[in-house]
Amino acid sequence: MPTYVIVIIIVSILLLGIIVFPLINRYQFKRLPFDQQIRILMKQAKGLIFFKNISYGSKGTLIYIKNKRKILTYPWVLVDGKMLCTKENPFERWDYPENHPELSDDEKKQAVEELEKFNEKSIVKIYLSD
């Protein structure tokens, strides 16, 4: 087998593995129902605190996962280059588990602090509506 054929095969395998397959996975993830996306994110969470931004162009959802068990969602729309949270009171109740328990004072304080830390690290910051 000539050398150029081997090189073409290697390059095509790398191209599929690095570019094509991740794009397909991302597309399929966005087409899943929201509750299935949440379950996948809970499994992917890398620590006690995990943020994931799911964007659909000029709107989306920032998801805050605590201890791989409790989830707060911050739905947002893009206004003048800022992610503006559209949720009335995002720190009132947990969005997951389904019985929607209320956040304790300590949990509210921690959620606000973690959101501030996320904003410090992120290029596009999320702003809560007043």
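This is a predicted model: local features need pLDDT of at least 70, side-chain atom pairs count only at pLDDT 80 or more; totals for chains, interfaces and linings use all residues.
Across the chain, the average pLDDT is 88. A score of at least 70 is reached by 99% of the residues.

Helix H1 covers residues 3–31. At 1.5 Å a residue, its 29 residues should span 42 Å. The end C-alpha atoms of H1 lie 41 Å apart, which agrees with that expectation. H1 also carries a kink of about 40 degrees. The kink is centred on Leu-16.

Helix H2 contains Gln-37. The relative accessible area of Gln-37 is 1%, under the 20% limit, so the residue is buried. Its side chain takes part in two kinds of polar approach. A polar atom of the Gln-37 side chain lies 3.2 Å from the backbone oxygen of Leu-32. The side chain of Gln-37 also forms a polar contact of 3.4 Å with the side chain of Tyr-56. Leaving aside residues up to four places away in sequence, Gln-37 touches Phe-29, Lys-30, Leu-32, Ile-54 and Tyr-56.

Aromatic rings form a further set of interactions. The whole structure holds 4 aromatic pairs. One of them joins Tyr-74 and Phe-91, with ring centres 5.9 Å apart. The planes of these two rings meet at 65 degrees, so the pair is edge-to-face. Tyr-74 belongs to strand S3 (residues 70–79), whereas Phe-91 sits in the loop between strand S4 (82–85) and H3. The pair therefore ties together parts that are 17 residues apart in sequence. Both partners are buried: Tyr-74 has a relative accessibility of 0%, and Phe-91 has 10%. Elsewhere, ring pairs link Phe-51, Tyr-64, Trp-94 and Phe-118 into a cluster.

The loop between S4 and H3 also holds Asp-95. At 25% relative accessibility, Asp-95 is partly exposed. The side chain of Asp-95 reaches the backbone nitrogen of Thr-73 at 2.6 Å. It makes a polar contact of 2.7 Å with the side chain of Lys-87 as well. Not counting residues up to four places away in sequence, Asp-95 touches Ile-71, Leu-72, Thr-73, Lys-87 and His-100. Asp-95 and Tyr-64 are 31 residues apart along the chain, and their C-alpha atoms are separated by 9.9 Å.

Key:
Residues are numbered from 1 along each chain as its sequence is written. Side-chain values use heavy atoms; hydrogens and water are left out. Helices (H or I, at least four residues) and strands (E, at least two) are DSSP runs, numbered from the N terminus. The expected span of a helix is 1.5 Å times one less than its number of residues. The bend at a residue is the angle between axes fitted to the seven residues ending there and the seven starting there. pLDDT is the predictor's confidence in each residue, from 0 to 100. Buried means under 20% relative accessible area, exposed over 50%, partly exposed in between (1.4 Å probe, protein chains only). A polar contact is a pair of N or O atoms within 3.5 Å; within protein, one must be able to donate a hydrogen and the other to accept it, and residues adjacent in sequence count only if both atoms are side-chain atoms. Contact means heavy atoms within 4.5 Å. Rings of Phe, Tyr and Trp (its six-membered ring) pair if their centres lie within 6.5 Å; planes under 30 degrees apart count as stacked, over 60 as edge-to-face and the rest as tilted.
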